[in-house]
Amino acid sequence: MPSVLKNGPRFWVSDTLKLPVGPTLNFSGIYARWFAYPAYPPGISKIFGNPKGAYKQTTIQRDSVIGFNAGTKIFVLVDPNNNPYVMQAGSSQFDTSETIQSLEQPNFASKLHLPSGWQYKAITITKPLTIQAIDGKATVTTDYLANTYDSCTSPSTAACSYNPLTGQ
């Protein structure tokens with residue numbers, strides 16, 4: 001059943017973004033645009049701000065290309081299998097003081113309630129990084145504060161132009 005989930009306020013952390021969007025619609029005075037079909041599980045509204053619901057993979061139908069320039073600081077979640085998830089959008093929905101600058105602070109990871117084996121890293125990349133949806137699908141996850149990250153891997157192929165953890 002179609003539903004609506006408040007997903008913000010957010011701020012992009014990429015340098016470039018190609019993301020087709022639908023027309024602006026008015027929902028009783030709230031203006032919104034379509035940009036993806038997420039395959040969220042029932043009870044998704046309980047995921048954001050809840051450590052039991054965060055850090056789970058979700059497949060989203062969207063045709064996107066996200067770019068980061070050389071010299072850009074990127075924010076990466078690393079799962080226990082050493083798979084990187086690169087932040088595409090920060091959120092001030094649960095922490096109104098969150099900014100790009102706060103994501104860089106050494107103590108930021110302590111706010112994320114990371115599950116065992118997970119890590120958070122701020123990495124300055126030395127070459128451009130591109131994350132592309134594969135066959136119109138992106139694999140994403142959210143952290144405890146509702147920041148969203150794109151997976152650099154998918155079931156069949158890499159979504160990132162290289163692994164930002166290794167530079168390869």
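**Note on the predicted model**

1. Tyr55 is found in the loop between β5 (37-38) and β6 (58-61); strands are DSSP runs of E with at least two residues, and helices are runs of H or I with at least four, both numbered from the N terminus. The model is predicted, so that local features need pLDDT of at least 70 and side-chain atom pairs count only at pLDDT 80 or more, while totals for chains, interfaces and linings use all residues. Residues are numbered from 1 along each chain as its sequence is written, and side-chain values use heavy atoms, with hydrogens and water left out.

2. The backbone of Tyr55 deserves a remark: although Tyr55 is not a glycine, its phi is positive, at about 65°. Most residues other than glycine have a negative phi. Tyr55 counts as buried because its relative accessibility is 8%; buried means under 20% relative accessible area, exposed over 50%, and partly exposed in between, with a 1.4 Å probe and protein chains only.

3. A positive phi is also found at Asp135, about 50°, and this residue is not a glycine either. Asp135 is placed in the loop between β11 and β12 (137-142). Is Asp135 buried or exposed? Asp135 counts as exposed, because its relative accessibility is 75%.

4. Strand β11 (residues 129-132) pairs with β7 in the antiparallel sense over 4 bridges, where pairing requires that DSSP finds at least two bridges between two strands. In this pairing, Gly67 stands opposite Thr130 of β11. Strand β7 (residues 65-68) also pairs with strand β2 (residues 16-18), again in the antiparallel sense, over 3 bridges. Here Leu17 stands opposite Ile66 of β7.

5. Together, 3 strands form an open sheet with antiparallel pairing, in the order β2-β7-β11. The edge strands, β2 and β11, each pair on one side only. From one strand to the next, the twist averages 10°; axes are lines fitted to C-alpha atoms, for helices over the stretch in contact, and angles run from 0 to 180 degrees between N-to-C directions.

6. How many disulfides does the structure hold? The structure holds 1 disulfide, that is, a pair of cysteine sulfur atoms within 2.5 Å. The disulfide joins Cys152 to Cys160, with an S to S distance of 2.1 Å. The link of Cys152 and Cys160 is left-handed, with -70° about the S-S bond. Both cysteines, Cys152 and Cys160, are buried.

7. Leu25, Phe27 and Ile30 make a nonpolar surface patch of about 310 Å². Patches are made of residues with over 30% relative accessible area and no salt bridge; like charges are joined within 9 Å, and nonpolar side chains (Val, Leu, Ile, Met, Phe, Trp, Tyr) within 5 Å. A salt bridge is a side-chain nitrogen of Lys or Arg within 4 Å of a carboxyl oxygen of Asp or Glu. Ile30 lies in strand β4 (residues 30-33) and counts as exposed because its relative accessibility is 59%.

8. Phe108 is found in the loop between α1 (100-103) and β10 (119-124). Phe108 counts as buried, because its relative accessibility is 1%. The C-alpha atoms of Phe108 and Tyr120 are separated by 8.5 Å, the two residues being 12 residues apart along the chain.

Note on methods: Areas by Shrake-Rupley, 256 points an atom, 1.4 Å probe, with all protein chains shown as cover.
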